[in-house]
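Grab a pencil and work through these exercises with the model open beside you. Try each task before you read its solution.

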Amino acid sequence: MQFILRQPLGYSYIGRKEDQEDAVWPAFEKASAQGRVFVLCDGVGGSDQGEVASQNASRVIGETLTNILMTKPVLDASDVQLAIDNAYEYLESIDKGDGSRCTMATTLTVVCLHENGVLAAHMGDSRIYLIRPATGMMYQSSDHSLVNMLVQAGELTPEEAKTFPRK
């Protein structure tokens, strides 16, 4: 299968929250059709320094996966795990520095284009969408939030989820 890569497009919608903790790698203005790794992280509410976690995790994961792609043509789950481990170690190194457990947290959404196709990974409530102009939305990853898990388990209805206090 042959892929035709065009200039990546990105947009950001600032919702109702005053503090936006999302970060992308590469930055919108640096993304190009030659890029093969795209990362979005969003700080987890209720955790310290979500904006620091998302900015640094997206950068470390993006750089790690890009460097791996320079040495081998196909990425796999172990490569993503290595990138996550590197990001976690970095976040621990810049956290409080008092030896206590890292308190920063972020979601992760990553798409890597390689010789055999696309590797997509995510955790948290950030999602991946595949949209084609003529077809529309072809794929949407599942949300790992508490509310979505409760809806999937049948413990909440979609209507109840809209006003659930821990959404």
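**Exercise 1. Find how many salt bridges the structure holds, and say which side chains meet in them.**

Keep in mind that this is a predicted model.

Step 1. Start with the idea: side chains of opposite charge can pair when their charged atoms come close.

Step 2. Set the cut-off, which is a side-chain nitrogen of Lys or Arg within 4 Å of a carboxyl oxygen of Asp or Glu.

Step 3. Go through the pairs. Arg 59 meets Glu 63 with 3.4 Å from N to O. Lys 72 meets Asp 76 at 3.9 Å, and Lys 72 also meets Asp 79, at 2.9 Å.

Step 4. Count them up: the structure holds three salt bridges.

Step 5. Lys 72, Asp 76 and Asp 79 are linked in a network of salt bridges.

**Exercise 2. Work out where Arg 59 and Glu 63 sit in the secondary structure, and what else Arg 59 lies over.**

Step 1. Find helix α1, which covers residues 50-71; both Arg 59 and Glu 63 lie in it.

Step 2. Check the spacing. The two residues are four apart, and that is about one turn of the helix.

Step 3. Now look for a ring. Arg 59 lies over the face of Tyr 90, and the distance to the ring centre is 5.1 Å.

**Exercise 3. Describe the largest nonpolar core: how many residues does it have, and which elements supply them?**

Step 1. Get the size: this core has 21 residues. Among those with the most contacts inside it are Val 37, Ile 61, Leu 65 and Cys 112.

Step 2. Assign the core to elements. At least two residues come from each of β2 (37-42), α1, α2 (77-94), β3 (108-114) and β4 (117-123).

Step 3. Pick the top supplier: α1 gives seven residues, the largest share of this core.

Step 4. Zoom in on one member. Leaving out residues up to four places away in sequence, Ile 61 touches Val 39, Ala 83, Ile 84, Ala 87 and Leu 108.

**Exercise 4. Say where Thr 107 is placed and whether it is buried or exposed.**

Step 1. Locate Thr 107 in the loop between α2 and β3.

Step 2. Compare with the 20% limit. Thr 107 has 7% relative accessibility, so it counts as buried.

Step 3. Look at its neighbours. Residues up to four places away in sequence don't count, and among those Thr 107 then touches are Leu 40, Cys 41, Met 123 and Ser 126.

Terms used. Residues are numbered from 1 along each chain as its sequence is written. This is a predicted model: local features need pLDDT of at least 70, side-chain atom pairs count only at pLDDT 80 or more; totals for chains, interfaces and linings use all residues. Side-chain values use heavy atoms; hydrogens and water are left out. A charge sits over a ring if NZ of Lys or CZ of Arg is within 6 Å of the ring centre and within 35 degrees of the ring normal. A nonpolar core is a set of buried Ala, Val, Leu, Ile, Met, Phe, Trp, Tyr and Cys residues joined through side-chain atoms within 4.5 Å. Buried means under 20% relative accessible area, exposed over 50%, partly exposed in between (1.4 Å probe, protein chains only). Contact means heavy atoms within 4.5 Å.
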